[in-house]
Each structure stands twice: as C-alpha cells, then as structure tokens.
Amino acid sequence: MSAAATRRLTTAQALVRFLAAQYTERDGARHRLIAGTWGVFGHGNVAGIGQALVEYGDVMPYHQGRNEQAMVHAAVGHARHLNRLSAQAVTTSIGPGATNLVTGAALATINRLPVLLLPGDYFASHAADPLLQQLEHPAEADVSVNDTLRPVSRYFDRITRPDALIASALRAMRVLSDPAETGAVTLALPQDVQAEAYDWPEEFFADRVWHVRRPAPDPAELAEAVRVIRAAERPLIVAGGGVHHSEAEEALRALVDATGIPVAATQAGKGSLRHDHPADLGGIGHTGTAVSDDLARTADLVIGVGTRHSDFTTASGTLFRRPDVRFLNLNITAFDAHKLAARTLVCDARTGLTLLTDALTGHRVAPSYEAEYRAGKERWDRVVEAALTADDDNAVPTQTQVLGALDAVVGDEDVVINAAGSLPGDLHKLWRARSPRQYHLEYGYSCMGYEIPAALGVQQAAPGTPVWALVGDGTYLMNPTEIVTAVQENLPVKLVVVQNHGYASIGGLSESVGAERFGTDYRHRAADGSFTGAPLPVDLAANAASLGMEVLRAKTVRELREALTAARAATRPTCVHVETDPAATAPGAEAWWDVPVAEVSARPAAAEARARYERAVADRRRHL
C-alpha cells in the first residue's frame with residue numbers, strides 16, 4: 001500500500017478520528033453518530049484514548065465525568081432525547097472504572113438505546129502481567145473484568161492488535177445505528193494496543209453515513225392486521241417507546257383520529273398522544289390509570305406499537321382478561337413483535353402506522369365504545385386534578401402536589417426526567433404530557449441515580465430547553481456526583497429533591513408483601529435495634545449547595561411554586577429542595593404486580609400478604 005494512502009496513528013488516535021467521521025441519516029436529516037466522549041482517566045486509558053482526545057479535541061468533544069456509571073446514564077439520556085439518531089462514547093480505565101460501566105450498559109441495552117463503551121484492558125502482549133487492577137483467571141488468560149460487559153452489550157470485542165479495529169469499529173457502528181439491534185456496544189481496548197502505532201488506510205477516516213431504515217411491513221402481515229382490526233369490537237393501542245424513537249407521534253394520531261381506537265401508554269410511550277387528546281387514556285398496567293386498565297380487561301384486540309410488553313404493562317399477566325383477547329404487535333424488532341403469541345408487523349412504527357391508516361379507510365370503532373372511554377377519561381381527569389391540587393397554599397405539600405406545582409410551571413417544551421422510587425408510579429398515573437419528549441422516564445431498568453446525569457445528557461442534546469430531574473432522597477444519595485459536572489459545564493439543569501426520609505416506594509411495597517417496611521426508612525436505631533428512631537439529620541440541600549448548585553428551599557405549597565418558577569428561569573444549575581407530607585394522595589394501583597410473598601411465616605403480616613398473593617396470582621394467564 002502506498003504511503004499516500006495511509007496515515008500513521010496510534011490505535012486510540014485512529015479510533016477517535018474514525019468516530020468523528022460517523023453519521024446517521026434518516027428522512028434526509030444527518031446527525032453525528034458519536035456526538036462526544038465522556039471520560040474518567042486512569043492508567044488504563046490516559047496515554048491512549050486520553051492522549052487521542054487531546055490530539056483531536058477539535059473534532060471530538062470531551063466531557064469530564066465524575067462517575068463511570070453516571071457517564072453512561074448521561075450518554076443514554078442524550079441518545080433517547082435525540083431518538084437514537086445520535087449517541088455518545090464513554091471511556092474508562094481498566095479495573096473499577098470499567099466494571100462501573102456494567103449498570104449503565106444494562107440500562108442502555110434493556111431500553112434499546114445506543115451508547116459506545118471504551119474501557120481500558122490488560123496488556124495484549126502480557127508484558128506487564130498482572131498489572132495493577134488486572135483480574136487473573138487460572139485457566140483463561142484472556143479473561144478480564146471487561147468480560148462482565150458481555151451479557152449487557154449488544155456487541156462486544158477486545159481489540160488485541162491495531163488492525164483488528166477496522167472491522168470491529170465498522171460492526172460497532174452498524175449495531176449502534178440499527179434501531180432493531182441497538183444498545184450498549186463495548187470495544188475493550190488493551191492499554192498497550194491503544195498506544196501502538198499503525199499505518200491506517202485513509203478510507204477508514206472518510207465520512208461514513210449510516211442510513212437508518214424505515215422498513216415496511218410484509219404485505220401479507222399488513223393484510224392480516226387490517227382484517228383483525230376491522231373485526232375487533234374493543235381494540236386498544238398500547239403505545240411504547242418505539243413510537244417516540246421512530247418519531248411516529250403524528251402517524252399514531254392520524255390513525256387514532258381516523259379510527260377512534262383509544263391509546264394507553266407504557267412509561268416509555270407516554271406522550272405519544274398529547275394528554276388532552278380525547279383518545280389518550282394515560283398510563284397502562286400496574287401504574288396505569290383506571291380508564292386504561294378497565295378497557296384493557298375487556299379489550300378483544302390489543303395493538304402494541306413499539307412496546308416490549310414488560311411485566312408492569314401486562315400486570316404480570318393478569319391485565320388482559322377477556323377470554324378471546326388477541327394481540328397484534330407492530331415493532332421494528334422481531335423479538336418483541338412475537339411476544340404474547342401475537343400477530344406481527346415487523347416494521348418501522350411510523351411506516352407501519354401510516355400504512356395501517358391508509359388500509360383502514362372508512363373503518364371506525366362503534367360510537368358507544370368511543371363514548372365509554374371518553375367518559376372514563378373525564379372521570380380520571382377529575383381524579384388527577386384532585387391529586388395535583390392543594391387546598392391550602394400554606395400547607396406542607398404532598399408528593400402529588402409537588403407534581404401539581406411543577407405542572408403549573410413547566411411549558412410544553414420542558415423535559416421531566418425520573419427513573420425510580422415512588423415518583424414513576426405517580427407520574428405515570430398523573431402527569432399531563434404536553435409534547436412527545438416532555439416525559440422522560442427510564443423504567444426498563446428503573447435505575448436509581450439515573451436522573452441527574454441523564455439531565456446533563458438531555459441538556460447537551462437540547463440546549464436552551466428547561467430540563468428537570470426529579471429525585472427522592474434515596475435516589476439522590478445514590479448518584480449526585482454529576483452535579484459537579486453540571487456546574488463545571490454551566491448546564492442549567494433543574495433538580496427537584498423530594499425529601500421523605502427513606503425509600504418510600506419500597507417501603508410501601510414491603511408493607512404490602514408482609515415485610516413490614518423493614519430497612520426502608522432513614523432513621524436512627526431505637527433501643528431495640530430497629531430503625532424506628534428519629535429521622536437522620538441529613539441535609540441534602542446543603543449537600544447540593546456544597547457541590548456548587550444554587551439551592552432553593554421550599555416548605556409550603558406557595559414557596560414550592562415560587563421556587564420552581566425561579567428555578568425554571570435560572571441560567572445556572574439550580575436545586576429545589578422540598579420536604580413532603582407523607583400522607584398518600586396518589587390513587588392506588590389499578591392492576592396487580594407479581595412480587596412473590598413468603599409461602600410460610602410465623603408473622604401475621606406475611607401470612608396475610610400470602611393469602612392476598614394467592615388470590616391475585618390465580619388470575620394470571622399465559623397468552624398462547
């Protein structure tokens with residue numbers, strides 16, 4: 001190969017140059033596939049990827065993170081907000097930095113969201129062996145801690161020589177850009193190989209565009225789908241995250257407007273229709289609305305659009321009760337389309353919905369069915385209003401009233417982020433989503449600590465957009481470190497910390513399954529050794545301030561509303577801290593969730609919970 005056709009670079013330098021030249025394209029719009037790189041440096045990547053990022057900072061933006069798991073969360077939040085058309089990379093050293101990636105990788109892959117992981121690895125040459133932080137396996141010398149990333153990655157490779165990067169990098173980009181395949185992608189990089197030079201072909205660094213397809217359904221499958229929809233008397237659409245990823249919201253609305261079929265949403269799919277659309281029934285499943293779950297129990301056809309049909313959505317197999325209920329799944333991934341023994345439309349959501357609308361011309365559900373679900377929606381809207389509204393502006397707010405105060409402050413363009421605790425249930429039931437990207441719930445993995453770093457990723461993806469991270473005190477304590485990054489980068493994220501002195505969600509669940517709220521409150525030990533003493537004197541507002549945030553404390557509903565208004569207008573990272581009234585004001589669960597209960601116990605609480613469990617589990621069915 002002639003000298004003019006090659007460029008001599010280290011493996012790390014070549015990788016950074018390659019990543020900077022990768023693009024996605026869908027519907028004629030081009031996006032950077034790898035928009036930037038998050039990194040924490042140690043001996044396993046500082047001289048390789050670290051040096052390369054210094055060398056090519058003009059083409060690859062670098063973001064300094066504080067925690068490796070949090071960096072993945074930030075990258076995932078960024079990718080989700082941009083409908084998976086743009087991703088970010090995360091680099092770490094060998095050892096604990098690499099294993100800290102595992103939780104974030106699992107979250108990305110479970111949620112079908114792209115992120116590129118670049119952990120350092122042992123010396124490929126074994127010249128330094130065992131080096132600092134290297135795992136030694138007595139029978140498998142090629143095993144490292146990075147192998148923990150294999151089961152949570154959609155693609156994994158260890159680059160043990162420079163030229164191996166060429167084929168592997170191309171395969172990695174294919175997976176990241178393919179909506180049917182995407183998730184976490186790991187390229188483990190031995191630290192000696194990162195720094196090794198090689199003569200790279202110039203073609204490797206040319207701009208490369210990965211076209212994101214919109215595949216159409218098979219004609220026979222489309223004809224069958226039209227037939228079963230026309231035959232259904234009580235069809236119900238379950239909208240999942242695939243509606244958003246495909247930017248299919250308008251296509252869904254066109255189908256609904258034409259046919260009158262109502263829509264219930266999963267956590268990932270909420271906002272597929274605006275909350276005030278007459279066919280939007282809100283959330284479905286264990287954390288769903290009464291109107292959605294009532295219709296689900298009597299539906300004769302459930303049309304899943306871009307959903308995985310997770311356990312919460314199906315109420316652990318107890319929600320869709322009609323004996324003759326059938327399923328039709330429209331999904332770009334065949335694995336998800338075939339769930340629940342469904343008829344399938346393996347296709348892009350927007351393409352499939354548009355073709356369905358055209359093929360269903362003239363078809364509409366019965367007026368009595370429309371009247372039924374619209375009346376149910378009106379009843380539920382009154383429930384929502386009561387839960388969100390405070391009668392006394394001078395009272396300590398409940399958690400649902402915190403959501404009501406926020407609802408009164410945000411605009412259509414605001415993004416609200418949450419992932420874990422009791423807030424996801426309250427939000428799924430009660431939040432009035434006004435735009436497709438306003439409701440940002442990570443509930444595939446429901447990972448405590450996701451919210452704050454994800455807010456950074458979303459803020460990077462949408463500068464100028466008000467971005468809110470809602471966390472309880474338990475979640476805050478899991479992962480507040482990226483507050484420092486927000487301050488450093490002057491990302492004006494808005495953090496709302498709801499202080500209720502413990503794990504409120506798990507506390508309630510513990511009580512319901514006979515575990516008596518054991519180990520779920522943040523309290524001093526009492527004389528008997530139990531955690532039933534006074535609340536711990538933890539000041540999370542002071543902690544956020546110590547990390548550089550502007551902090552606003554609110555003790556009443558009025559103060560909360562004022563603080564949220566000020567936070568929305570702030571141009572620097574701002575925290576609103578509010579201690580809530582523990583009184584439950586959220587509607588109870590409208591459907592069951594299977595959490596196994598001790599089969600035998602001498603404690604009455606567990607015995608009573610087991611009796612309730614056996615009654616509930618008797619309603620489970622397998623859809624065959």
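User: In this predicted model, why does Tyr 613 count as buried?

Analyst: Tyr 613 has a relative accessibility of 12%, and since the term buried applies under 20% relative accessible area, the value places Tyr 613 in the buried class.

User: How many aromatic pairs does the count come to, and what makes the pair of Phe 18 and Phe 204 stacked?

Analyst: The count comes to ten aromatic pairs. For Phe 18 and Phe 204, the ring centres are 4.5 Å apart and the planes stand at 15°; a pair needs centres within 6.5 Å, and planes under 30 degrees apart count as stacked, so this pair is stacked.

User: Which parts of the chain does the pair of Phe 18 and Phe 204 link?

Analyst: The pair joins distant parts of the chain, with Phe 18 in helix α1 (residues 11–20) and Phe 204 in the loop between β10 (197–201) and β11 (208–211), the two being 186 residues apart.

User: How do you know whether Phe 18 and Phe 204 are buried or exposed?

Analyst: Buried means under 20% and exposed over 50%; Phe 18 has 0% relative accessibility and therefore counts as buried, and Phe 204, at 3%, counts as buried.

User: Why is the pair of Trp 592 and Tyr 613 called tilted?

Analyst: The ring centres of Trp 592 and Tyr 613 are 5.7 Å apart and their planes are at 55°. Stacked requires under 30 degrees and edge-to-face over 60, with the rest called tilted, so the pair of Trp 592 and Tyr 613 is tilted.

User: Which residues form one aromatic cluster with Phe 18?

Analyst: The cluster consists of Phe 18, Tyr 198, Trp 200, Phe 204 and Phe 205.

User: Why are helices α10 and α13 described as roughly parallel to each other?

Analyst: The axes of α10 (residues 249–259) and α13 (residues 349–359) come within 8 Å and cross at roughly 20°; angles under 35 degrees count as roughly parallel, and α10 and α13 are therefore roughly parallel to each other. The crossing of α10 with α13 is left-handed.

User: Which residues of α10 and α13 meet, and how do the residues of the contact divide?

Analyst: From α10, Ala 251, Leu 252, Ala 254, Leu 255 and Ala 258 meet Arg 350, Leu 353, Thr 354, Leu 356 and Thr 357 of α13. By class, the residues of this contact are seven nonpolar, two polar and one charged.

User: What makes helix α17 largely enclosed by the rest of the structure?

Analyst: Helix α17 (residues 451–461) has eleven residues, and ten of them are buried, so the helix is largely enclosed by the rest of the structure. Among the buried residues are Glu 451, Ile 452, Leu 456, Val 458 and Gln 459.

User: What makes the phi values of His 309 and Ala 315 worth a remark, and where are these residues found?

Analyst: Phi is near 55° for His 309, which is a positive value in a residue other than glycine, and Ala 315 likewise has a positive phi, near 50°. His 309 is found in the loop between β15 (301–305) and β16 (326–331), and Ala 315 is placed in the loop between β15 and β16.

How values were computed
Residues numbered from 1 in each chain as written. Predicted model: local features only at pLDDT ≥ 70, side-chain atom pairs only at ≥ 80, totals over all residues. Heavy atoms only, no water. Axes fitted to C-alpha atoms, helices over the stretch in contact; angles between N-to-C directions. Helix = DSSP H or I, 4+ residues; strand = E, 2+ residues; numbered from the N terminus. Parallel < 35°, antiparallel > 145°, perpendicular 65-115°, else oblique. Left-handed = near helix turned anticlockwise from the far one by under 90°. Contact = heavy atoms within 4.5 Å. Nonpolar A, V, L, I, M, F, W, Y, C, P; charged D, E, K, R; others polar. Buried < 20%, exposed > 50% of the residue type's maximum accessible area, 1.4 Å probe, protein only. Phe/Tyr/Trp six-rings, centres within 6.5 Å; stacked < 30°, edge-to-face > 60°.
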